[in-house]
Amino acid sequence: YVISDVCVRSFLGEIFAFIFFPIVLWGIYNILYEEKINWVLLVIGFSGLLLSHNISFLFSVILFGLFLIINIKKVLQNKLIIISLLKAVGFTILITLFFLLPMFEMMASHKYFVTYYSYTEYLKTSALLPWQFLANETVFGMGTSDATPAMVVNVGYFLTFVPLIYFSMKNKNSFITTCLFLGYFFMFMTSSFFPWIHFGFLSVIQFTWRLNLLVITLLTPVVSFIFSKIDKKFVHFGVSAILIIECFIHITPVLQRKFVITNETTYAEIISTKITDPYFAATYVRTELAGGEYLPITTPDIKKYGKCIKSDEGNELTCDYVRDYDKLYFNVGEGSIVLPITFYKGYKVYKLENGIKIPMNTFPNKQALVTFVSDDRNNYVCEYDKTLIQTTSIYISLISIVSFVLYVFYFYQGIPYFYKPQ
């Protein structure tokens, strides 16, 4: 699954998430099993996941919730654990506020494709069939079980079967046991045997095999525990060699793949919409926006709409304008003017008159494009200005990050594992 994520899907958000899931699990272990009243690791893990991939963050919250339920008696009997968890939640929110508040602000301003993309049907078609758990070849395909070719999205033979050795071990560990059962439960949830038709409320995850993020996170400590009890170096060396060889086998097809976008590809070719994903069609520049989940649902087909400034009735007024990064300079006459820019909170149009910028009432039209009413022919500029919420949340997050770092250095003073002895 990791190789498919990196080499087939190129899904950067989940790739970064793999870094922070173990940190969250480490934090859970410290607080609930070692009773080291330390919330620092949870802040780092949760914040990293939230800023990497929203769905992965949701998974981490579910995972943390399950561990809390399993250890609820211990949690309720120890007030320090509760206080630590509250600190972790509070600092995570404050540190990531620069992302959270603007996201909520934007989500409130439009209805986006992400709201309508995920249906129960998607979960059913992405659920793994039995043979897909045994597929062992890197395939450049789609992530649905009925696709041809279908992308390989299992966790591999090693992580699927080796944890089963744990059942034969005499000395067991409560944390590892919990990881084992939860890991295999989430693996079962990726399969077509799980009744996804009754779990439409989870359609936000889009694909069932995304749960492999949790499977890998949970079963990896189980494998590590098993091999930590095997005091034979040749076994460790042999297993490591096999895994490295298998990794090279899976990466070989990547080196032989012909890519549509090369070092010689120009940006003009990319935004021309002539270069498209071989498996998906799109009404926008897919090579820039990928799934386009955060485009307003009323966004027009860019290929048909064109790149000219238009009237509210759809008549072309001018295609003569100048783009300068986040600014668009143009000259138009009187009327309701629609710019070829998707509206998001922060876009403003200004009239340029005698060196003075006069703000115009800027709003989205029915197609979610930047619109304003011009009262006379003049020069105008459309630019993106940070909203009050964006500016305020950035300062709060900066102060929170500095406070968090100072807290860690002051109280833990570089002691390993962020743990201050009693």
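Student: What share of the contacts in the protein with a separation of 6 or more comes from residues 24 or more positions apart?
Tutor: 68% of them. Contact here means heavy atoms within 4.5 Å.

Student: Where does the model come from, and how are residues numbered?
Tutor: This is a predicted model, in which local features need pLDDT of at least 70 and side-chain atom pairs count only at pLDDT 80 or more, while totals for chains, interfaces and linings use all residues. Residues are numbered from 1 along each chain as its sequence is written, and side-chain values use heavy atoms, with hydrogens and water left out.

Student: What is the mean pLDDT?
Tutor: The mean is 86, and 90% of the residues reach 70 or more. pLDDT is the predictor's confidence in each residue, from 0 to 100.

Student: Where does it stay under 50?
Tutor: Over residues 415–422, for which the model has 15 contacts beyond four places in sequence. Where pLDDT is low, the predicted coordinates should not be read in detail.

Student: How many helices and strands are there?
Tutor: The protein has 17 helices and 10 strands. These are DSSP runs numbered from the N terminus, helices being H or I with at least four residues and strands E with at least two.

Student: Which residues of helix α1 are buried?
Tutor: In α1, residues 2–9, they are Ser4, Asp5, Cys7, Val8 and Arg9. Buried means under 20% relative accessible area, exposed over 50%, and partly exposed in between, with a 1.4 Å probe and protein chains only. Their cover includes α2 (12–33) and α13 (233–255).

Student: What follows α1?
Tutor: Ser10, with a positive phi near 55°.

Student: Which residues touch the most other members of the largest nonpolar core?
Tutor: Leu42, Phe67 and Trp196, in a core of 74 residues. Another core lies apart from it, with 16 residues, among them Ile309, Tyr347, Met360 and Val370. A nonpolar core is a set of buried Ala, Val, Leu, Ile, Met, Phe, Trp, Tyr and Cys residues joined through side-chain atoms within 4.5 Å.

Student: OK, rings now. How many aromatic pairs?
Tutor: The count comes to 29. Rings of Phe, Tyr and Trp (its six-membered ring) pair if their centres lie within 6.5 Å; planes under 30 degrees apart count as stacked, over 60 as edge-to-face and the rest as tilted.

Student: Why is the pair Phe188 and Phe194 edge-to-face?
Tutor: Because their planes stand at 75°, with the ring centres 5.8 Å apart. Phe188 is partly exposed at 38% relative accessible area, whereas Phe194 is buried at 9%.

Student: Which residues do ring pairs link into a cluster?
Tutor: Tyr1, Phe18, Phe207 and Trp209.
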